[in-house]
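Work through the exercises below with the model open beside you, and try each task before reading the solution that follows it.

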Amino acid sequence: MYVIKFKTAVLFLALFCALAFSLNYFIIQDRGGAYDELAVSGDASVELPIIMYHGVIDQSKWVNEYVISKESFESDLIYLKQNGYTTVTIGEVIDYVYSGAPLPEKPIVLTFDDGFYNNLSIVYPLLEKYNMKAVISVVGAYTDKYSELDDKNPGYAYLSWDDVRFLSKSGLVEIGNHSYDMHSIDSARNGTKKNKNESEEHYRKALTEDAGKMQELCAENLGFEPAVFTYPYGAISECSIDILNEIGFK
C-alpha cells in the first residue's frame, strides 16, 4: 500500500486491485510537521488508477493468485496502450502534487511488490518493448540474501543489488522501500503493523530502524533513498504514518 496526505486526513491506496482517486486541492505534510497548502491544476482533477502485481512467469506451473503469466501481463500492457494510458511513477505523482509538474492525460501506475527476479527477466523486457514504467518495491533482506547467491530461478528468486541497480538506471523503473526485514506475518508481527499491546515507543523504534536501514542500503547501493514506502501486506497502523513522514516519505 502507498500513503499520500490529503488535507488533514489520509487516503490509503490499497493495491489489491485497480484503484482511482482525484488530486484536487491538498494540504500535504512535509518532513518537519508543518503543512504546505498546494493548489494543483486549478479546478482540474486527475484520476489515477494503480495496479499491483507481484510476479510474472512464463511457466504455467508457477501461476497462482500472486503470479500471473507473461501472456496475461503483456495483454494488460497492450490494453493500456490501446486505451490511451501512460504509465507514471510515484515520484512523478509527488512532483505533480508538490510542484505542479504535469501528468499525462490518462496516467496509470504499475507496481510490483517484493522484488522477484522475474521482474527483471520477464517484466523489464516487456516494459522496454512497450515503453512503459513501473514501481518495484523490494524487501532489503531478500535482496541482501540473493546478492550472495547465484540463483536466478524466475519462479522464486529475488533481485540482487546489481539487478536493482540496473533496473533503477534503466529509466523505466522506480525502486520502492518494502521494508528491510518486516515482510512477514507471524506471531511476532503482521508486516509493519503495530501490535495490539506494543508501546508506541517500542513500535516507533522498530519501524524507524527497519525502514531506515532499507533507506540507507538504497543510498549505499543505488545512490538515492526511495521516495515511496510500500506496506507489507497492506498492514498499516495510524501511528506508522507520522513515523514514515519523519523518516522522509511524502
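**Exercise 1.** Find which residues of helix 1 meet which residues of helix 3, and classify the contact.

In this predicted model, Lys-70, Phe-73, Glu-74, Leu-77, Ile-78 and Lys-81 of helix 1 meet Ile-122, Val-123, Leu-126, Leu-127, Lys-129 and Tyr-130 of helix 3. Sorted by class, this contact of helix 1 with helix 3 has eight nonpolar residues, four charged ones and no polar ones.

**Exercise 2.** Describe how helix 1 and helix 3 are placed relative to each other.

Begin with the axes, which lie 11 Å apart and form an angle of about 25 degrees, for helix 1 (residues 70-82) packing with helix 3 (residues 118-130). Helix 1 is therefore roughly parallel to helix 3, because angles under 35 degrees count as such.

**Exercise 3.** Determine which parts of the chain the salt bridge between Lys-129 and Glu-74 ties together, and whether each residue is buried or exposed.

The closest N and O atoms of Lys-129 and Glu-74 are 2.8 Å apart. Since Lys-129 lies in helix 3 and Glu-74 in helix 1, the pair ties together parts that are 55 residues apart in sequence. Lys-129 counts as exposed, at 55% relative accessibility, whereas Glu-74, at 16%, counts as buried.

**Exercise 4.** Trace the network of salt bridges that links Glu-200, Arg-204 and Glu-246.

Arg-204 meets Glu-200 in a salt bridge of 3.5 Å, N to O, and these two residues are four apart in helix 6. Arg-204 also meets Glu-246, at 2.6 Å, N to O, and this pair joins helix 6 to helix 7.

Note on methods: Residues numbered from 1 in each chain as written. Predicted model: local features only at pLDDT ≥ 70, side-chain atom pairs only at ≥ 80, totals over all residues. Heavy atoms only, no water. Axes fitted to C-alpha atoms, helices over the stretch in contact; angles between N-to-C directions. Parallel < 35°, antiparallel > 145°, perpendicular 65-115°, else oblique. Contact = heavy atoms within 4.5 Å. Nonpolar A, V, L, I, M, F, W, Y, C, P; charged D, E, K, R; others polar. Salt bridge = Lys/Arg side-chain N within 4 Å of Asp/Glu carboxyl O. Buried < 20%, exposed > 50% of the residue type's maximum accessible area, 1.4 Å probe, protein only.
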